[in-house]
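Hi,

Here is the structure I promised to pass on. Have a look, and my notes follow below.

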Amino acid sequence: MSILTEIVENLIVGDDEKVSALTQKAIDDGVLPKQILDDGLIAGMNTIGQQFKNHEIFLPDVLMAARAMYAGMDKLRPLLLKEGIPSPGKVVLGTVRGDLHDIGKNLVGIMLKGAGFEVIDLGNDVSPEKFIQTAREHDAAVIGMSALLTTTMSAMKEVTYQLKEEGLAGRIKVIVGGAPVSAEFAVEIGADAHGYDAANAVERVKSLISEN
Amino acid sequence: MKPLLERIRMGETLVADGAMGTMLFAKGVESGQCPELVNLNSPQLLEEIAGLYFDAGADILETNTFGASPLKLAQYGLEDKMAEMNRAAVRAARNVVGERAYVAACCGPSGRILKPYGDCDPEEVYDGFVKQMICLIEAGADCICVETMIDLAEEVLAVKAARSVSPTIPVTATMTFDATPRGFFTVMGVTIERAAAGLREAGADVIGSNCGNGIEDMIEIARQFRRCGDMPLIIQSNAGLPELKDGHPVYGETPEFMAEKAHELLDIGVSIIGGCCGTTPEHTRAIRQMVDSSIYE
């Protein structure tokens, strides 16, 4: 079995120690960091995303796999930086003002990182100003907002409105998601995309960034 | 009042009330703030809501203490208000119903994910639940209602916390399931079979499901619970799944629809039938009528 396949398999079962050790071994063996990332860590998270989507695995399995992925990334990140390999993009992520439900947002964060994106996670109860200010500071391509409560969804509109006011609409793209959030709602508030689940959110972020 | 569990053992079907959050929002409580703040700031609102559900025929009234565990309150920086919030909610319900209905003290998830999947020590969650249970039981709750859980391990801790404070207080324990093409699972992947076995083992008296589904899926969930054994069951259905209309959530299932369907829960032998998100005193009234009229069938 190739070492990359071993990384994938251990990532899927959530063995962070093995993924860390195997990533180090791959680096020492001279496998290119970009290849370890794409064919090891990202490939493993792709499988996890697919199985989760099919309800073959559940949140605990995803959390364990994510931990294994992070363990591998810790080994890989310094090398990726040194070689100047750019991430596919930066995403500022958070649950909107008034909303403390973060399971969905955390899943999206995990899947985005698993797809190689840099994620700046602002946590829960994030104000519109904070979303925009952080995206500016980090030169992020995308703002991702999540809401579980129908009553907090309207805070999303404040972000799209302010981006427009500040002439940033289109330069900083907005994706929204969460149980009560529909594609129609996304259009209505002027968001650029709607992710209906974590895997779909990653697909949509990819296409938003490739539009830029 | 006859003890709750005795009535269940005699084969009676009890009616529990409907949604609390839906009613609070309808009465102007703002979403985003801690929903239990109302217990301190305007307990008369809780009395008003309890009164509506009692008048609609509920045998069991839930307290507004779903998020009043120390860990959950800590997310709002309100953990120092824990004791008073729990006591005030039990008091408000009791003021209204006296000994004419049961006050069910509600306890929801801590909002944290337990190790090894998350960062929270099980002991910390258990200690928090014990503190909440002490307040609820000392304030005179007739039963404890642990609900909307997705992690079986956490719910077991809550049930055991209640048991540690009172070995005899009736405890109902429900989980929230999602309907998937592969069957019903909680977000954490718990099946109905595992829930039934685990909750019984933990010492719950009545088990079942609340939230997450409309009445039709809830009937199927009840059937599957029934196949797992002869434990008394509780089902608290949403009034369907919310759809957004003009920026507001609308729950589609009417009181009549829900009550008519809920008749099947009687056939399955469900002991407690109540409502969750989107249900109102009108739903409770319709379920009450359905249960009462079935006695004469």
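What percentage of the 297 residues in chain B do buried residues make up? It comes to 54%, where buried means 20 or more other C-beta atoms within 10 Å of the residue's own, with C-beta atoms placed from the backbone.

Before the rest, some housekeeping: this is a predicted model, so local features need pLDDT of at least 70 and side-chain atom pairs count only at pLDDT 80 or more, while totals for chains, interfaces and linings use all residues. Residues are numbered from 1 along each chain as its sequence is written, and chains are lettered from A and ligands numbered from 1 in the order in which they are written.

Chain B has twelve helices and twelve strands (DSSP runs numbered from the N terminus: H or I of at least four residues, E of at least two). Its C-alpha atoms fill a box of roughly 50 × 45 × 40 Å along the principal axes.

Now the sheet. Eight strands of chain B form an open one, ordered β1-β12-β9-β8-β5-β4-β3-β2 with parallel pairing (a pair needs at least two DSSP bridges). β1 (14-15) and β2 (60-62) of chain B are at the edges with a single partner strand each, so one side of each lacks a neighbour in the sheet. β2(B) pairs with β3 (residues 102-107) of chain B over three bridges, and B:Ile60 sits opposite B:Tyr102 in β3(B).

Finally, the contact between chains: 19 residues come from chain B and 18 residues from chain A (contact means C-beta atoms, placed from the backbone, within 7 Å). On the chain B side, β10 (242-245) and β11 (248-251) are the elements giving two or more residues.

Cheers

Terms used. Contact = placed C-beta atoms within 7 Å. Buried ≥ 20, exposed ≤ 12 C-beta atoms within 10 Å, placed from the backbone.
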